[in-house]
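Q: I would like to learn how to read the features of a model, one at a time. Where do we begin?

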Amino acid sequence: MDFKELYNEHKNQVYNLALQYVQNAEDAQEITQDVFIKVHQKLADFRHDAKLSTWMYRITINASLDFLKAKKSQKRFAFITSIFQKESTALKHDHSDFNHPGVDMEQKEEIRKIFELINQLPENQRTAIILSKLEHRTVQEIADIMETSYKSVESLIFRGKDKIKKQLAKDN
Amino acid sequence: MQEPLDKLKRVQRTEAPPFLFTRIEAQLEYVKETKLTPKFAFAVCSVLLLVLSVNFYIINNTTKEQHSQNISYSETSLSPEYNSLY
């Protein structure tokens, strides 16, 4: 399979998964580019010990989490800059508005709140919830992607859902 | 009570924008032309770090030797005066 064929087969999988992490079309595009650059560089080393789609999921998850960590560092830097420079506009330009193209305008606020709660979960719980509730993967598929056991995934999903329910109850 | 996460069923799948592949190709071409792959950059940084460490070690050792030579010289130059006291 050549690179273009591979891209066409997996582009939507990668793009949509990135969207579930960042909820912003521009950020998801950037992550998708990074993922396919990495895939191009590492394709020769891929040992076919997992399905190609599983491998692509792993790269996308890592790229998305790295992107979010880098964004968090940038925000911290922007905050420090804004303290020392009165006219700094660093904090004013926040490109991570909720801009998920898969969400209708009417439901935007409701869905945005749920994503906000998912975003607060620890990384593993967040990944398990995203793969389960947004990507509709089975528990076994999630275990293969996350390279962990079936029971661990069940526990991650349970704990993630529980945290979200408790937070919603607290907010109400 | 409805599961709150059930609302996520309303989130729809979207198509990746068509211009993305062009951007990816351009980036791959750029990396190929500059040959600045992450591995190459890492190799260069490692070599620079090694050279700097060796230089630091040499300079540090040279400074210590000079210092101890200065002390020995001071001791030698003082000793006749000490001898004269006896």
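Predicted model: local features only at pLDDT ≥ 70, side-chain atom pairs only at ≥ 80, totals over all residues.

Q: What is the secondary structure of chain A?
A: Helices (H or I, at least four residues) and strands (E, at least two) are DSSP runs, numbered from the N terminus. Chain A has seven helices and zero strands. Buried means under 20% relative accessible area, exposed over 50%, partly exposed in between (1.4 Å probe, protein chains only). Buried residues make up 45% of the 172 residues in chain A. Contact means heavy atoms within 4.5 Å. Of the contacts in chain A with a separation of 6 or more, 62% are between residues 24 or more positions apart.

Q: Which salt bridge joins two chains?
A: E135(A) pairs with R13(B), at 2.7 Å from N to O. E135(A) sits in the loop between α5 and α6 of chain A, and R13(B) in the segment before α1 of chain B, so the pair joins two chains. E135(A) is buried, at 3% relative accessible area. R13(B) is partly exposed, at 45%.

Q: Where do salt bridges occur within a helix?
A: An α-helix has 3.6 residues a turn, so residues three or four places apart point the same way. Take R112(A) and E109(A), which meet at 2.6 Å, N to O. They are three residues apart in helix α4 of chain A, about one helical turn. R112(A) is partly exposed at 24% relative accessible area, and E109(A) is partly exposed at 43%. A network of salt bridges links E109(A), R112(A) and E116(A).
A second case is K166(A) with D162(A), whose closest N and O atoms are 3.1 Å apart. They are four residues apart in helix α7 of chain A, again about one helical turn. K166(A) is exposed at 55% relative accessibility; D162(A) is partly exposed at 29%.

Q: Which residues of α7(A) are buried?
A: They are V153(A), L156(A), I157(A), G160(A) and I164(A). These cover an arc of only 95° around the axis, which puts them on the same side of α7(A). The arc is that of the directions from the helix axis to the C-beta atoms. Their cover includes α4 (108-119), α5 (123-134) and α6 (139-146) of chain A. The face turned away from the buried side carries the exposed residues K151(A), F158(A), K166(A), A169(A) and K170(A).

Q: How far apart are the end C-alpha atoms of α7(A)?
A: The expected span of a helix is 1.5 Å times one less than its number of residues. For the 22 residues of α7(A) (residues 150-171) that gives 32 Å, and the end C-alpha atoms are 32 Å apart, which agrees.

Q: How many of the twelve residues of α5(A) are buried?
A: Nine are, so α5(A) is largely enclosed by the rest of the structure. R126(A) is among them. This arginine has no salt bridge, and the nearest side chain of opposite charge, E123(A), is 6.9 Å away. Lys and Arg count as positive and Asp and Glu as negative; His and the chain ends are not counted. Leaving out residues up to four places away in sequence, R126(A) touches Y21(A), L68(A), I118(A), N119(A) and L121(A).

Q: How many residues has the largest nonpolar core?
A: In soluble globular proteins, nonpolar side chains tend to be buried together. A nonpolar core is a set of buried Ala, Val, Leu, Ile, Met, Phe, Trp, Tyr and Cys residues joined through side-chain atoms within 4.5 Å. The largest has 56 residues; those with the most contacts inside it are Y21(A), F36(A), V39(A), I118(A), L131(A) and L8(B). α1(A) gives the most to this core, with ten residues.

Methods
Residues numbered from 1 in each chain as written. Chains lettered and ligands numbered in written order. Heavy atoms only, no water. Salt bridge = Lys/Arg side-chain N within 4 Å of Asp/Glu carboxyl O.
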